[in-house]
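Q: I would like to learn how to read a fold from its coordinates. Can we go feature by feature?

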Amino acid sequence: MASPDLHSSWLSAADESVSGCFNINTEGMNSADVLHVLESPSSSTSYNSSIPKPPPFPDRTSKVNCKRISECSSVPKEILNTWDRLFKEGYGADVYIITDDKAYIPAHFNVLSIASPVLQTLLQQSKVKNGIRYIKILGVPFEAVYAFIRFLYSSCFEEDDMKKFVLHLLVLSHSYSVPSLKRICIHILEQGWLTKENVVDVLQLARNCDAQRLSFICVRMIVKDFKSISSTEGWKVMKRANPALEQELVEAVVEADSRKQERLKKMEEKKVYLQLYEAMEALLHICKDGCRTIGPRDKVLKGTQITCNFPACKGLENLVRHFSNCKTRVPGGCVHCKRMWQLLELHSRMCNEPDSCKVPLCRHFKEKLQQQTKKDEARWKLLVGKVMAAKGRFSAQH
């Protein structure tokens, strides 16, 4: 805050003005007990960050209820069972799906073609031998392929198999364009499946499968627990195989820390401006109505037993008491007096009735504004604007 530049003659007049303004009761008070109103202010009002909160992190205790998925379906259970039996019994199968271990799964051309446009293209391009078409789905366990093909028929699945092969099924659902299965896999992964050991692997898979929300959740988890996750085996493998991703995640951690520091800084600034606003209110209260041990000479003091509703009043009482008795009282000569000069000038710049104002030196500071430089004037205007904004937020909350 800018410090007023005062002439000695003006200081002399100010001394008389301040000294004659207050009726100060010193009984039971320690003159050395000066509260640093601006150095260590206290406020009864706290601020909540105005930054919107991110989506809630998945609850690790949540469990996927597969029955609920089937219960939400409008298809009768008997129909689902019929399609499930058709797959399991392989009646009239005209397609064989070959897996890694040379096992095969019987299926039907029409069902697979309707369920997956990618499978439709592969089947149309496949060769027919003795009325049977053969396609290969490699790179995943037989059980995962079996669960995938079963889902194409009836949307049925075993919960244990789904959890066990959820990553394989996510890849299959994305590769063969089966969005309903993909949504189920993502839901399972988001709801408690992620750990610090697998989150890096899931992140890479989520990006390859265009699962944006899952990718976001993984990044947020890594940023939140970067120290632990960066020491896992998954991180070390990713670091060697994909250094660009490592760099991106490190930058995300740095950026998140910077945003956190910026939020804390803004919150502290808001608190300071609110405390200045409370100090202005307390100053008006003391000079106009009087408080417990200090007030205008035409007012009866209320005494120390009275509770004051102005949070900054007690500290300001001590500061005014010191200001009235200090022998130095020049800008730069006493830190407490300097603080009082600043509060008085801030009040003057916010006051709209200087001629009738009860606060000492209000009109004098108004007259002194013409002597200040444009730079000082700009700084004071900025400060007044911030304090007025704090006033608006305080009024809105009460």
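Q: Is T232 buried or exposed?
A: Some ground rules come before the answer. This is a predicted model, where local features need pLDDT of at least 70, side-chain atom pairs count only at pLDDT 80 or more, and totals for chains, interfaces and linings use all residues. Residues are numbered from 1 along each chain as its sequence is written, and side-chain values use heavy atoms, with hydrogens and water left out. Buried means under 20% relative accessible area, exposed over 50%, partly exposed in between (1.4 Å probe, protein chains only). T232 has 9% relative accessibility, so T232 counts as buried.

Q: Where does T232 sit, and which residues is T232 in contact with?
A: Helices (H or I, at least four residues) and strands (E, at least two) are DSSP runs, numbered from the N terminus. T232 lies in the loop between α12 (226-229) and α13 (233-241). Contact means heavy atoms within 4.5 Å. Neighbours within four places in sequence aside, T232 is in contact with K196 and E197.

Q: How many helices and strands does the protein chain have?
A: The protein chain has 18 helices and 6 strands. Of its 398 residues, 40% are buried.

Q: What is the strand order in the open sheet?
A: Two strands pair if DSSP finds at least two bridges between them. Here 4 strands form an open sheet, ordered β3-β2-β5-β4, with mixed pairing. β3 (104-107) and β4 (128-129) stand at the edges with a single partner strand each, so one side of each is left without a neighbour in the sheet. Helix α5 (residues 117-125) packs on the sheet and touches β2 and β5 (132-136). The direction of α5 makes about 125 degrees with that of β5.

Q: How does β2 pair with β3 and with β5?
A: β2 (residues 95-98) pairs with β3 in the antiparallel sense, over 4 bridges. β2 and β5 run parallel, joined by 4 bridges. Follow Y96: P106 in β3 stands opposite, and Y134 is its bridge partner in β5. The hairpin of β2 and β3 has 5 residues between the strands, and K102 there takes a positive phi near 70 degrees.

Q: Which residues of β2 lie on its covered face?
A: Start with the general idea. In a regular strand the side chains alternate between the two faces of the sheet. In β2, V95 and I97 form the covered face, while Y96 and I98 form the uncovered one.

Q: What span should helix α14 have?
A: The expected span of a helix is 1.5 Å times one less than its number of residues. α14 (residues 243-288) has 46 residues and should span 68 Å; its end C-alpha atoms are 67 Å apart, which agrees. G290 follows α14, with a positive phi near 80 degrees.

Q: At what angle do α14 and α16 cross?
A: Axes are lines fitted to C-alpha atoms, for helices over the stretch in contact, and angles run from 0 to 180 degrees between N-to-C directions. The axes of α14 and α16 (residues 335-350) come within 10 Å and cross at roughly 85 degrees. That makes α14 roughly perpendicular to α16 (under 35 degrees is roughly parallel, over 145 roughly antiparallel, 65 to 115 roughly perpendicular, the rest oblique).

Q: Which residues of α14 and α16 meet?
A: L276, A279, M280, L283 and L284 of α14 meet residues of α16 including M340, L343 and H347. This contact of α14 with α16 has 10 nonpolar residues, 1 polar and no charged (Ala, Val, Leu, Ile, Met, Phe, Trp, Tyr, Cys and Pro count as nonpolar, Asp, Glu, Lys and Arg as charged, and the others, Gly among them, as polar).
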